[in-house]
Amino acid sequence: MFPELPAIPHPLQFKSVSFTALKPGPKLIVLGAVHGNEVSGTRAILRMIREFERGDRLLLAGQVTFVPVTNPLAYNRQQRNGDRNLNRNLTPTTTPADFEDHVANWLCPLLAQHEVLLDIHSFQKGDQPFALFGPADNGGPLQPFRHARAERDLALRLGVSRFVDGWLETYANGVANRVAYIKAHGLSGQGLNTDPRYGMGTTECMRASGGYAVTLECGQHDDPQGPAVAYTAIENTLVHLGLIAGQVPQPVRDYQHLTLVEVIDKRHADDQFCRSWSSFDRISKGELIGLRQNGEEVRAPRDGFIVFPNTTSQAGQEWFYVAKEETEPL
Ligand SMILES: [Zn+2]
């Protein structure tokens with residue numbers, strides 16, 4: 001039902017496939033394999049392209065652009081990154097220094113030609129699929145935004161029932177804490193991410209160019225259900241935006257909404273978790289999370305959830321995030 005994954009023998013070129021309707025309408029872009037080992041979205045996108053090409057689907061309005069493999073070098077190597085994480089510091093540059101800089105120089109202008117982004121990822125460890133969306137409408141300096149309603153309306157129709165927000169704000173606070181720690185301890189900070197703009201990924205780039213964007217995390221990397229979760233999300237998005245005919249998706253009623261509120265860095269490569277945490281494990285204030293290399297205990301700063309725990313992060317990088325549960329309806 002889903003196409004086999006294609007080989008990309010020369011990962012030094014970029015590919016997108018667009019369909020444009022006769023009638024004007026929203027311009028959607030769907031990304032797969034921003035991280036090269038996250039290919040459930042790739043398979044769903046390839047199936048959708050095939051259905052348009054066969055005539056099983058017809059674009060009624062607007063435009064849809066599919067990018068099955070956004071980072072071909074990482075995909076080719078079957079790993080997360082080519083030279084670095086594409087989903088950080090994603091911005092065009094006149095002096096590209098690594099492969100992901102070249103991706104950015106192609107991808108950022110492409111995103112800017114669209115209004116809505118669905119970016120499909122998968123995760124290493126966890127249970128259920130979830131979606132990430134951006135900030136509330138605001139005019140602040142970090143990420144001014146005015147499409148929160150439309151963005152959340154889309155997220156609620158992807159077919160998942162867990163939502164996470166607060167990423168860039170929390171990341172920027174984390175960078176501020178990191179800088180303060182470096183100063184207080186007379187460290188050099190060399191090689192560390194001390195610029196809040198480093199938190200710019202695909203969705204932040206899309207919002208910065210006037211559109212809105214949702215990230216779908218469609219399950220574990222090798223979950224056999226992942227492609228189907230991704231496919232449903234693409235189909236629901238196309239119908240919801242009026243680009244194709246179909247059963248109009250209704251917003252999910254029972255869901256969990258978590259907001260990231262804090263990020264805690266590793267300080268030493270040998271800082272260790274005290275157990276094998278998964279994203280969305282519940283934590284209680286004061287609960288032991290891990291032990292630093294110098295013996296210092298790291299305890300939960302509040303009741304909530306641990307999110308994106310990373311055993312392989314380096315000193316001075318994000319170790320884990322803490323989220324709180326929201327009770328206000330989206
Ligand atoms: Zn990813």
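This is a predicted model: local features need pLDDT of at least 70, side-chain atom pairs count only at pLDDT 80 or more; totals for chains, interfaces and linings use all residues.
Modeller: Residues are numbered from 1 along each chain as its sequence is written.

Colleague: How far apart do the C-alpha centres of domain 1 and domain 2 lie?

Modeller: The chain is divided into domain 1 (17-254) and domain 2 (258-326), with bounds from an automatic or database domain assignment. Between the C-alpha centres of these domains the distance is 25 Å.

Colleague: Which element gives the most to the side of domain 1 that touches domain 2?

Modeller: In this contact (C-beta atoms, placed from the backbone, within 7 Å), 12 residues of domain 1 meet 15 residues of domain 2. The elements giving two or more residues to the domain 1 side are β6 (162-165) and α5 (167-184); helices (H or I, at least four residues) and strands (E, at least two) are DSSP runs, numbered from the N terminus. With five residues, the element that gives the most is α5.

Colleague: How are α1 and α7 oriented to each other?

Modeller: Helix α1 (residues 40-54) packs with helix α7 (residues 226-240) at about 55°, their axes being 8 Å apart. Axes are lines fitted to C-alpha atoms, for helices over the stretch in contact, and angles run from 0 to 180 degrees between N-to-C directions. Angles under 35 degrees count as roughly parallel, over 145 as roughly antiparallel, 65 to 115 as roughly perpendicular and the rest as oblique. The two helices, α1 and α7, are therefore oblique.

Technical notes: Two residues are in contact if their C-beta atoms, placed from the backbone, lie within 7 Å.
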